Amino acid sequence: MEINKRDYQISLCIPTNGVSEWVFPVLDSIYNQGVSEELFEVIVTDNGKNMIFREEMLQYAENKKNMIYRVTDAPLFLNEIEAYKSAGGKFIKFINHRTILLAGALKQLISFAEENEAGKPIIYFSNGVLGLSPQIKYCETFSDFVENLSYWSSWSTGMGIWKSDFEKLPAGTEFNELFPHTTILFSERNREKYIIDDRVFLEEQRVGKIAKGRYDLFHAFAVEYPAIIRDLYRSGDIRKTTFSHVLQKNLKLIAFFYHGYVMKGKETSYDLSGFENAMDIFYSRETVLREAEKLIAGKNHNESD
């Protein structure tokens with residue numbers, strides 16, 4: 001019997017550009033959870049050109065009544081939006097195509113959807129990166145939510161949204177091509193409850209030498225992302241202190257990238273050529289270099305210990 005799409009508690013959305021070595025372990029980690037397939041669905045949207053992967057996906061999906069596999073030409077991270085459009089579950093959870101679900105994670109995510117369906121709080125699953133204690137933090141206002149997330153709101157892995165909230169987005173909504181998830185996460189600014197859930201549900205696979213990203217890294221984090229935060233401040237949705245806090249934390253992230261990929265020459269597939277053009281908009285070159293030098297000093301100090 002066909003399962004009614006609208007009966008699913010949760011849709012797990014996996015946008016990909018077609019890397020078999022990553023995606024199939026992720027899918028196996030979902031289907032090996034021992035959860036009834038009547039409670040969840042899996043959406044895989046593929047904007048890659050890997051024909052072997054397409055054939056493998058079609059074979060994998062053939063025996064899964066609760067799986068949708070779609071090929072799309074949506075550019076870059078807008079592939080994520082295509083996955084959300086196909087989702088029919090009451091709650092949508094983004095799953096990075098490199099991250100496997102830990103045992104019991106799916107059951108916990110479904111429990112969240114069931115228990116919070118009435119109030120529909122805004123939620124971000126930070127997966128342990130914030131080191132919160134207790135692990136679940138309730139924020140009183142949208143500005144508190146943005147401030148506590150800091151630059152992690154740029155990280156798609158934590159993204160989750162109620163399907164009804166996604167459907168409320170106006171027709172013609174312009175999603176940031178690099179951070180569409182952030183556009184969606186910040187779309188509801190007057191909800192009664194905002195939650196940051198820092199429990200660990202996912203584990204990133206070792207990716208080896210397969211390219212993780214090819215976009216202009218410094219333009220993304222020194223221009224595009226802070227512009228999103230600036231617009232929240234201009235619209236009056238966050239406090240000035242929140243705006244300053246997030247930009248300062250984001251500066252340290254940019255310095256971390258510069259230290260690792262430029263100064264140390266760490267191997268990466270990101271485009272690093274846009275650094276100079278990205279400066280003097282939100283951050284100066286001198287400020288970034290100064291923060292990067294602090295990282296060097298800190299590392300040398302640790303080594304001497």
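Ring pairs join Phe77, Phe179, Tyr215, Phe221, Tyr225, Phe256, Phe257, Tyr261 and Tyr270 into a cluster, seen here in a predicted model. The count of aromatic pairs comes to 29, and one of them, between Phe77 and Tyr215, is edge-to-face, with 5.5 Å from centre to centre and 75 degrees between the planes. Because Phe77 lies in the loop between strand E3 (67-71) and helix H3 (79-86), while Tyr215 lies in the loop between strand E10 (202-204) and helix H8 (217-234), this pair ties together parts that are 138 residues apart in sequence. With a relative accessibility of 32%, Phe77 counts as partly exposed, whereas Tyr215, at 15%, falls under the 20% limit and therefore counts as buried.

Of the contacts with a separation of 6 or more, 84% are between residues 24 or more positions apart. Buried residues make up 51% of the 305 residues in the chain.

The chain has 11 helices and 10 strands. Its radius of gyration is 20 Å, close to the 19 Å that the globule rule gives for 305 residues, so the chain is as compact as a globular protein of that length. Taken along the principal axes, the box that the C-alpha atoms fill is roughly 65 × 45 × 45 Å.

How values were computed: Residues numbered from 1 in each chain as written. Predicted model: local features only at pLDDT ≥ 70, side-chain atom pairs only at ≥ 80, totals over all residues. Heavy atoms only, no water. Helix = DSSP H or I, 4+ residues; strand = E, 2+ residues; numbered from the N terminus. Rg over C-alpha atoms; globule rule 2.2 N^0.38 Å. Buried < 20%, exposed > 50% of the residue type's maximum accessible area, 1.4 Å probe, protein only. Contact = heavy atoms within 4.5 Å. Phe/Tyr/Trp six-rings, centres within 6.5 Å; stacked < 30°, edge-to-face > 60°.
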